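Dear colleague,

I am handing over the model we talked about, and below it you will find notes on what came out of going through it. Please read them with the structure open beside you.

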Amino acid sequence: MAQAPSQSELQEGQIIAPGHSFGTITDKIGSIVQARRTPKRWWTGFLIGFTLMMLLFLTIGNLLARGIGIWGNNAPVGWGFDIVNFVWWIGIGHAGTLISAILLLLRQRWRTSINRFAEAMTLFAVACAGLYPLFHMGRPWFFYWLLPYPNTMELWPQWRSPLIWDVFAVTTYATVSLLFWFIGLIPDMATLRDRSKWWIGRVFYGILAMGWRGSAVHWHRYETAYLLLAGLATPLVVSVHTVVSFDFAVSIVPGWHVTIFPPYFVAGAIYSGFAMVLTLAIPLRKMYKLEDFITDTHLDYMARIMLTTGLMVAYGYGIELFMAWYSGNVYEKGLIANRLIGPYRWFFYALIACNVVAPQLLWFKKVRYSPWTLFVLSLIVNLGMWLERYVIIVVSLHRDYLPSSWGMYSGTGWDWSMYLGTIGLFFACLFLFIRFLPVISIFEMRTLLPEAHVHTEKEAKP
Amino acid sequence: MIPQELPPYGLVAEFDSAQALVVAAEKARDAGYQKMDGYSPFPIEGLMDALGHKANILPLLVLIGGVVGGLIGYSLQYYTSIYSYPLNVGGRPYNSWPMFIPVTFECTILGAALTAVFGMLGLNGLPEPYHPLFHVERFALASRDRFFLAIRAVDPKFDLIQTRKFLESLGAKEVTEVPQ
Amino acid sequence: MSTAPVVEQPNLPRWQSIALLVGAIGIAICLAGLAFETTRVHVFRAWLVGFCLTVGIALGSLVVLMLQYLTGGDWGFILRRPLEAATSTMPLVTLFYLPLALVLSSLYEWADPAKVEADPHLQHKALYLNVPFAWIRAGIYFAIWNLLAFLLNRWSRQQDTARDMAIHKRCEALSAPGMVLYVLTITFASVDWVMSLEPEWFSTMYGAMFGMGQVLSGFAFAVAMLVLLSRRLEVGQLTGGNNLRDLGSLLLAFVMVWAYLSFSQFLLIYSGNLPEEVPWYIYRFEGGWKYLGLMLVIFHFALPFVLLLSTNVKRNRAMLASVALLVLLMRAVDLLWLIVPAFHHNSEAVNPPLGARLIYVAALVGMGGIWFAYFLMQLQRWPLAPAFNPYAEGAVHGAVAGH
């Protein structure tokens with residue numbers, strides 16, 4: 001195995017450390033998967049995730065036995081932790097496709113080393129998100145009633161309901177993300193198949209590689225398909241969180257019926273998604289010594305995107321306040337007053353501190369180049385985005401038009417255990433992914449080397 | 001009955017760099033070879049041109065897939081809301097087209113994306129568990145850091161000895177005969 | 001790369017005099033319209049539409065320029081000079097605003113003391129919507145926009161001679177806060193100038209939608225100008241191959257974002273169906289306005305969208321320029337559709353008489369003509385390709401690749 005270059009040679013603006021060859025890239029990423037020993041740190045992380053996942057199964061078992069009464073949902077707050085967490089997870093699930101698709105279309109080559117695990121993160125986050133509406137149905141075994149199929153009840157879905165749009169948007173998104181991720185894996189599966197010294201590895205990766213052999217004709221169609229998928233995934237990813245925002249904005253509840261919601265939700269989703277990518281990337285590159293591939297420049301770029309989307313989200317909060325006053329509408333004004341001085345005001349102030357104030361540090365280059373400060377900031381933003389959904393959902397619902405039906409809400413122990421449980425599911429899946437599939441796209445990393453670029457006859461001619 | 005000896009699949013030549021493969025492909029194309037293919041661990045811009053292959057029809061298929069998906073999405077909503085079970089919801093018209101757009105959009109994307117993925121796999125003939133080239137031991141490096149050019153025996157210009165000489169003259173590191 | 005001889009050079013001074021002449025005729029018609037009681041009010045409204053169009057192109061160009069400093073990329077390099085020339089029309093646009101500032105009470109209910117006295121709703125908003133504060137705010141907006149345009153132009157000139165990376169960095173450093181300032185100012189400016197024409201109506205999306213319309217105006221204008229000028233060889237060579245395609249893709253993206261914001265607002269208001277919101281769309285679907293709305297759906301979104309999906313269209317100079325000009329024309333239609341039906345209370349807004357319609361065309365052509373002449377004057381002051389730029393090499397490469 002060739003000697004990998006050291007981190008100190010890296011300069012600002014570089015997205016791959018100098019001195020790598022096709023072989024060293026292959027070995028460095030491949031060896032994470034095809035290592036003889038599983039590192040202790042991997043076991044620690046996986047077991048924590050696995051334990052929390054058991055908590056999820058316990059909660060779901062109890063939920064199925066006793067019903068969703070074990071949650072804190074009540075009248076008037078019919079949507080509580082379940083929808084807060086659904087939106088939180090689905091938002092996190094936006095960064096993967098965004099990095100893979102939009103940055104590909106914008107020819108941002110730095111995406112190469114982070115797109116694979118960001119896509120995996122997307123899939124697991126969408127899976128976690130999907131659990132909430134599924135179990136909120138109360139009788140999840142009838143979930144197929146949401147789908148349009150001819151049935152003996154002679155009923156069809158209510159096409160004017162954004163909740164049905166959500167079914168279509170989220171299932172389409174999950175399907176396309178899975179395909180996009182799988183397509184990206186095929187050439188690397190072939191690499192692992194050919195690299196494998198053990199027959200089980202050859203069979204496992206061989207099946208997944210589907211007979212890929214790097215033919216030029218195949219590559220050509222592959223690249224076309226990948227680019228087309230990126231072009232399709234870009235509007236799709238925007239539409240998904242737009243439809244999530246429609247779940248609220250199509251209604252006439254003050255605080256929900258807000259026209260800025262679609263772009264503001266999309267910006268928030270990207271914001272939380274990049275925060276989660278940073279939360280994962282910083283420990284990951286430390287754990288597997290991937291600083292050659294996930295450089296400080298990558299962290300800088302992601303921090304800039306976080307700052308931008310954070311400012312957009314801040315714009316959303318501001319314009320809501322201004323328009324509520326400007327409208328002169330008593331319910332709009334009442335909502336804002338309740339947000340600012342009502343019983344849940346501290347949630348709102350904490351949200352502003354996490355999502356608006358703290359990220360202003362990212363204006364400073366020093367902060368963007370300090371991985372552990374970024375790590376802490378990314379955790380703060382993750383928390384802030386959770387609070388944002390809590391403020392939007394609970395604070396808008398608990399006091400709407402009719403004061404006689406006002407009420408209060410708080411999550412129960414089972415709400416929290418379900419939330420912790422999905423976090424466990426997310427990390428357990430993520431650790432399994434890190435162990436068995438390449439976390440960084442090997443073949444795309446190869447194209448970053450100068451040797452990957454050739455001069456053709458055509459170029460030589462004037 | 002299995003014949004005693006099948007004709008070979010062709011010859012495969014190994015090269016050190018992407019540049020060498022492209023130059024070799026260009027020369028082979030100019031020499032009149034048609035049934036050939038290059039193999040590399042990553043996509044190489046210009047290799048398709050060098051091999052003399054034409055552009056593909058995938059974009060057209062994807063466009064058709066998207067249009068069909070969108071039409072199915074909208075007509076499903078139209079049929080169920082206007083013919084099958086007309087239902088007055090909040091005084092909106094039966095054909096509330098603005099509210100039918102989200103589902104139509106998702107169906108368009110789904111149709112196009114499924115076509116892109118399965119169209120690509122289908123046109124490439126994948127999954128393909130067996131391929132003659134897998135017999136060549138060094139071909140495993142095609143997924144690592146080596147570059148290969150294969151000329152098939154079905155090519156009209158193919159001749160086991162002449163073609164081997166030709167490939168060697170292109171600076172191939174090693175030329176191997178591939179059994180069927 | 002060998003330099004081809006200059007085949008056909010657009011005669012910019014000649015274009016400039018034609019634009020000036022057409023502009024003068026348009027303005028003269030508007031001035032004549034002021035003389036008649038029946039058309040006077042239409043002149044004010046038409047002037048507002050023309051002002052919004054020209055300020056939209058100038059500000060949109062400013063945003064695209066700053067966006068390019070922030071994100072880098074080769075496409076910005078070849079678009080740099082048309083964009084800069086468009087931003088340097090800011091003083092003229094400021095001048096265009098001045099007549100409006102004097103007739104606020106003829107356009108806005110909140111500027112008319114008699115109406116404010118009769119309406120408690122307007123009294124609530126008077127804290128924000130009042131004449132002195134509106135003037136102060138307009139002063140702040142124009143000060144910020146003029147300053148940003150001036151600095152970016154000046155530094156770009158300095159960079160041409162000094163060839164100093166530090167100046168480029170300075171432009172980048174200004175662009176980040178510049179974008180923040182633009183978003184804030186345009187949000188309030190769109191409320192002051194357009195949304196408050198119907199003071200009872202409100203939408204949080206409005207500022208974003210209006211701003212996106214400006215970005216689209218600026219970008220479509222710059223792309224169209226670049227292609228028309230591309231026979232002037234120094235930039236002409238750079239519009240080949242991938243560079244042109246990238247511009248087409250960006251135009252497609254901007255068209256899609258505009259449609260996304262506009263449709264989202266429509267869908268939410270349509271589904272809410274609340275009495276304080278939905279009349280805004282009802283007025284815009286009355287009489288002939290619904291045909292204008294339909295035109296927007298087809299020619300502002302559907303047709304450019306379908307055309308720009310095709311790589312062949314994006315690589316074809318004539319086609320790309322036509323699509324960009326179509327989008328620019330539709331920007332004017334969109335502004336008409338946003339602004340004129342707002343006057344449904346008082347006079348023939350639903351179905352304006354022929355003379356009034358002429359006024360709208362005259363104002364758009366007149367202000368557009370004068371503005372275009374001024375733009376051409378700015379454009380001719382400097383060479384069409386920036387002399388020094390970190391992206392120059394990439395732009396040259398992009399023009400060759402992909403032929």
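**Where chain A meets chain C**

Between chain A and chain C there are 11 residue pairs in polar contact, counting pairs in which both residues have a pLDDT of 80 or more. That confidence score is used here because this is a predicted model, and every value in this message is computed from it. On the side of chain A that touches chain C, at least two residues come from each of helix 8 (216–249), helix 9 (261–287) and helix 10 (296–327) of chain A, and the largest share, nine residues, is supplied by helix 10. Salt bridges between chain A and chain C number zero. In terms of contacts, 31 residues of chain A meet 40 residues of chain C, and the two chains bury about 2,900 Å² between them, with 70% of that on carbon and sulfur atoms. Thr259(A), Trp325(A) and Tyr326(A) account for 25% of the area that chain A buries against chain C, which is more than any other three residues supply.

**Where chain B meets chain A**

Here 69 residues of chain B are in contact with 60 residues of chain A, and the area buried between these chains is about 5,600 Å², of which 69% comes from carbon and sulfur atoms. Pro43(B), Glu106(B) and Arg144(B) supply 12% of what chain B buries against chain A, again more than any other three residues. The rule finds two salt bridges across this interface; Glu128(B) forms a salt bridge with Arg213(A), in which the closest N and O atoms are 3.0 Å apart. Polar contact links 24 residue pairs between chain B and chain A, with both residues at pLDDT 80 or more. Helix 1 (18–30), strand 2 (36–39), helix 2 (47–51), helix 3 and helix 4 of chain B each give at least two residues to the side that touches chain A, and helix 4 gives the most, with 19 residues.

Val89(B) counts as partly exposed because its relative accessibility is 22%, and buried would require under 20%. Leaving aside its neighbours within four places in sequence, Val89(B) is in contact with Gln158(A) and Arg160(A). The C-alpha atoms of Val89(B) and Ala153(B) are 68 Å apart, although 64 residues separate the two along the chain.

**Chain C on its own**

The secondary structure of chain C consists of 18 helices and zero strands, and 57% of its 403 residues count as buried. Among the contacts in chain C with a separation of 6 or more, 83% are between residues 24 or more positions apart.

Helix 14 of chain C (residues 289–309) has 21 residues and should therefore span 30 Å at 1.5 Å a residue, which agrees with the 29 Å between its end C-alpha atoms. Within this helix, a kink of about 30° lies at Ala302(C), shortly before the proline Pro304(C). Pro304(C) is itself buried, as are Trp289(C), Gly293(C), Leu296(C), His300(C) and Leu308(C) of helix 14.

With best wishes

How values were computed:
Residues numbered from 1 in each chain as written. Chains lettered and ligands numbered in written order. Predicted model: local features only at pLDDT ≥ 70, side-chain atom pairs only at ≥ 80, totals over all residues. Heavy atoms only, no water. Helix = DSSP H or I, 4+ residues; strand = E, 2+ residues; numbered from the N terminus. Expected span 1.5 Å × (residues − 1). Bend = angle between axes of the 7 residues up to and from the residue. Buried < 20%, exposed > 50% of the residue type's maximum accessible area, 1.4 Å probe, protein only. Contact = heavy atoms within 4.5 Å. Buried area = accessible area lost by both parts, 1.4 Å probe. Salt bridge = Lys/Arg side-chain N within 4 Å of Asp/Glu carboxyl O. Polar contact = N/O pair within 3.5 Å; in protein donor to acceptor, adjacent residues only side chain to side chain.
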